Amino acid sequence: MMARLFKWLLLAALLCAAFVIYSYLGARITAGKVLGPNPPVSDRTIEFAFDGVPDLQGRPRAWVITYRASRLPGVRRVQIYVSPMGELIATRPADLSTRLDAWEKSRLP
């Protein structure tokens, strides 16, 4: 009886770990798609907001990917919010994609 319970608990723990890894990798991939190759941001931290993100409407639970160093003009810090399933929720600044496009164009000869 105890052996069967132990097996079920072990299986549940492995499934939970697999979901966390899948979710984390999904968040990293989504952020990479937003920023593109050779992004002008660095010093990344990633955390999961279990209680929800208070700055976003509805306080969704999300991965919060923060870049503390930025070469984008007028931007000191970048945040990307990604759902547990890997979907982009929001960015700070809200016009991040426009700023990234302008930065890329400024680098062209």
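Let's start with arginine 59, which is partly exposed at a relative accessible area of 44%. On that scale, buried means under 20% relative accessible area, exposed means over 50%, and partly exposed is in between, using a 1.4 Å probe and protein chains only. Arginine 59 sits in the loop between S1 and S2, and its phi is positive, about 45 degrees, although it is not a glycine. Most residues other than glycine have a negative phi, and most peptide bonds are trans.

Quick word on the source: this is a predicted model, where local features need pLDDT of at least 70 and side-chain atom pairs count only at pLDDT 80 or more, while totals for chains, interfaces and linings use all residues. Residues are numbered from 1 along each chain as its sequence is written, and side-chain values use heavy atoms, with hydrogens and water left out.

Another one like that is asparagine 38, in the loop between H1 and S1. Asparagine 38 isn't a glycine either, yet has a positive phi of about 50 degrees. Asparagine 38 counts as exposed, at 57% relative accessibility.

About those labels: helices (H or I, at least four residues) and strands (E, at least two) are DSSP runs, numbered from the N terminus.

Now the sheet. Four strands make an open sheet, ordered S1-S2-S3-S4, with antiparallel pairing. Two strands pair if DSSP finds at least two bridges between them. S1 and S2, residues 62–70, are joined by eight bridges in the antiparallel sense. In S2, valine 64 is the bridge partner of glutamate 47.

Helix H1, residues 2–35, packs on this sheet and touches S1, S2, strand S3 (78–82) and S4. Contact here means heavy atoms within 4.5 Å. The direction of H1 makes about 40 degrees with that of S2; axes are lines fitted to C-alpha atoms, for helices over the stretch in contact, and angles run from 0 to 180 degrees between N-to-C directions.

Serine 23 is in H1. Is serine 23 buried or exposed? Buried, with a relative accessible area of 3%. Beyond its neighbours within four places in sequence, serine 23 contacts Trp63 and Pro84.

Last stop: proline 93, in the loop between S4 and helix H2 (96–107). A cis peptide bond, omega about 0 degrees, joins arginine 92 to proline 93.
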